[in-house]
Every structure is written in structure tokens, then in C-alpha cells.
Amino acid sequence: SRSQVQLITKKISGEEERRTTSALARKEEEKKRESHKQAIQKEKRKLAIKNAAQLWDSHLQKSDSASRVCLVIPVQNESKEEINFEDGGTGAQCLSVSDSHLAELDGNTLRLFGTGALDALERGWGLHTASVVSTISFYYIDYELIAAILSRIRIKFPNVVHLVFSDSNIYQLHQLAALAHVRRLDHLTIHPQGNPVVRLTLWKSYVLFRLSHLKLQRINDQEVTLNDLVMAEKLFGTLANIAETETSHHRLLLLLGESSRKRQLQFFLEGRGRTGLSPESIRENGKLPGEGLGRALLTYPSRDAAKNEENAHAQLSHHYVKMLLQEAVAVNQKMDTLHKQWPLLFMELVRDSVMEMRDKSAFRRVCLQRIAETK
């Protein structure tokens, strides 16, 4: 009947409404949970960055070197908020997070906050993911630690073309030489915050000169011009020439630890030894590819390299002292032998002289003959 059909229709409609309402409620609940999860992640992110910044400031305050502490005082009227990293991209992937560090991958940019974030570089990166990374940003990480792993970054992330440093305590020009370890570098960004080196007038010129083989295109978002390259060569070219001519062979071998640089040095020594070629002519003939000997000498040794150099000096000093000691012992033994044998030798000398002078006429003839033979 019509009434029964209406009842069945209402029953079906009611069930559909309940299912629809239940599905909408589940979706709303999932949306709330996801929103809550994102809020928690966002708070963790902010807390990690905040604590990393506080630990960094504490690290600087506890530094033993008063002069170095002075160098890392932030530029006046410049705050950390000017560097826009407070809110990560919506697609940012958290790789590692704790109360004091954060590592996240946002598109092709890998951001590292705090020293602990460096561990993320050692994780099991897939070839595809590693090849996607083109920018690595470092925040609140001492440059000494970063410089020690630049060669590994070159291998693990072959397509990195942009490095960003903020609050990394880069305070001297020669520290920038460590960037020569990367495979390629199109862009370089060194924020004034926590990096006093950018206050030096010639820091960009030094970077362009030392890293000329990398062919930088932009530094701190400013395009590199031909005039910049010419000026860099003009300012620091003489420095490289002096390094080539004044550095001893032993020092060269000690500084140029990489096999490629040792080959460059061998070419240089063979060329100079056999044909008398100057470093300039060798470089013109293509025997010194890449950095070139002069630029390669402008190094920034890592802590391990500095330790190895210190050990090498210690071994050399030990060997030298050992040789001096052996020579002193040998001389002392000879003196002891002489003191023991001298009385007998002296008696024999006196006896031989008396015997020789016993016949005065014969002695005079022998003396005159000796004098005549010496003329």
C-alpha cells in the first residue's frame, strides 16, 4: 500500500541520513585530530628552534676566547625574526626533532637547526631523495662542525648548489676556504646574524677568488658580475703567488692532504725540477686543473686536519731530538775512548819524537826534505 511504501522510504532515508551524518562526523573528527597533530608538530618545531637558539647563545657566552666572543655579537638593529624560518612549508617533512634540534626537508631545501640536526645527514637517504636536495641551510651550528662534513655532503648530496649559514660563527676569511670541498656551488648565503665575517669589506672578493673554480653566480642574493671577478683576482692574486713561491716542499705535502692535490703538487715539482717551468706556465699548460696550487694552499684545516698536522710536527720533532741524542751519545763515547787511550798515545808520541830527533843531522835532512816537497 501507499502508506507502507512511505514508511519503507522514510526508514531507508533515515538510515542514509545516519550513515551520512556518521561519515561527516568521522571526517570532522579526523580533521580535528590532523589539525591537533599539526599544531603539536608546529609547537615542537618552534620549541626546538627556540631551544637551539638558546643553546647557541649559551655556547657563545661560555667560549674560552674573549676575542672570539666579541666577534660573534649580533649586528645591531638586526633580529632573528628577519630570517624567515619560523613557519615551515605545509609540505615540510620532519626528519629529526628533539627539544634542542630540528631537521626538516621542505621541497628541495634541507634545513638543520642545532648541532644535533647534523645527525640527519647520516640517515639512510634514498638516491632519489638525496638527488632532490639542492639547498642546505644551517642554523645555530658551529662552522667548525660544518666544515668537517662538507666533503661528505659533496658525496651524499651531489646536486646541492646553494648553502645557507646563519648563526654559524664564521668570523675569519680563511674559514671560507673550506667551501672548496663541495662539488658545486652556484649560490652562497651567509646571514649577518651570528657571522661577523660579513662585516669585512673584502669577504665577497675573497670568496670569489678562493672558490673561482666553483663559478659562483650569486652571493647573498646579489648577482656576481665580471667586475667582481676581476676585482677579486686583483686583490688576492698576489697572495696565491706568494703562497706558491714561499711555501716549502715539506709544508706543501703537509697541507695538501687530498690525493688530487698531491698529484697537482707532483706535477708542479716535476715541471720545475725537469724543465724549470714556473707555476704560472704549468697552470697555463693545463697541468693544474680545478683550484690551482696557489688557491689550494689557502686552506682552512678541519679539527682532524689540524690534529694530524700537530701529530706530524710532533713526530718530526721527536725524530730530530732522537737524532741529536744519538749523535750526542756517539760523541760522548768517542770522548770516553779518547780519555782512556790518550795517556798511552801521548807516551807513544813522545817516544817517537825522541827517537826521531836522536840523530840531529838526519832529523835536519828529513825536515828540509819535507819542506822542499811541500813547495
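View 1. Helices (H or I, at least four residues) and strands (E, at least two) are DSSP runs, numbered from the N terminus. This is a predicted model, in which local features need pLDDT of at least 70 and side-chain atom pairs count only at pLDDT 80 or more, while totals for chains, interfaces and linings use all residues. Residues are numbered from 1 along each chain as its sequence is written, and side-chain values use heavy atoms, leaving out hydrogens and water. Of the 375 residues, 32% count as buried (under 20% relative accessible area; exposed is over 50%, and partly exposed lies in between, with a 1.4 Å probe and protein chains only). The accessible surface comes to about 24,200 Å², and carbon and sulfur atoms hold 55% of that area (Shrake-Rupley method, 1.4 Å probe; for residues, only the protein chains shown count as cover).

**View 2. Eight strands line up in an open sheet.** Let's follow their order: β1-β2-β3-β4-β5-β6-β7-β8, with mixed pairing. Two strands pair if DSSP finds at least two bridges between them. At the edges stand β1 (93-97) and β8 (222-223); each has a single partner strand, so one side of each is left without a neighbour in the sheet.

**View 3. Strands β1 and β2 run antiparallel.** Four bridges join β1 to β2, which spans residues 102-106. Look for glutamine 93: its bridge partner in β2 is leucine 105.

**View 4. Histidine 101 sits in the loop between β1 and β2.** Histidine 101 counts as buried because its relative accessibility is 12%. Its side chain makes polar contacts with the side chains of serine 96, at 2.9 Å, and serine 98, at 2.8 Å. A polar contact is a pair of N or O atoms within 3.5 Å; within protein, one must be able to donate a hydrogen and the other to accept it, and residues adjacent in sequence count only if both atoms are side-chain atoms. Leaving aside neighbours within four places in sequence, histidine 101 is in contact (heavy atoms within 4.5 Å) with residues including Ala48, Phe113 and Gly114.

**View 5. Tryptophan 342 belongs to a nonpolar patch on the surface.** You can find tryptophan 342 in helix α12, residues 303-357. Its relative accessibility is 43%, so tryptophan 342 counts as partly exposed. Among the other patch members are Val331, Met335, Leu338 and Phe346, and the whole patch has about 810 Å² of accessible area. Patches are made of residues with over 30% relative accessible area and no salt bridge; like charges are joined within 9 Å, and nonpolar side chains (Val, Leu, Ile, Met, Phe, Trp, Tyr) within 5 Å. A salt bridge is a side-chain nitrogen of Lys or Arg within 4 Å of a carboxyl oxygen of Asp or Glu.
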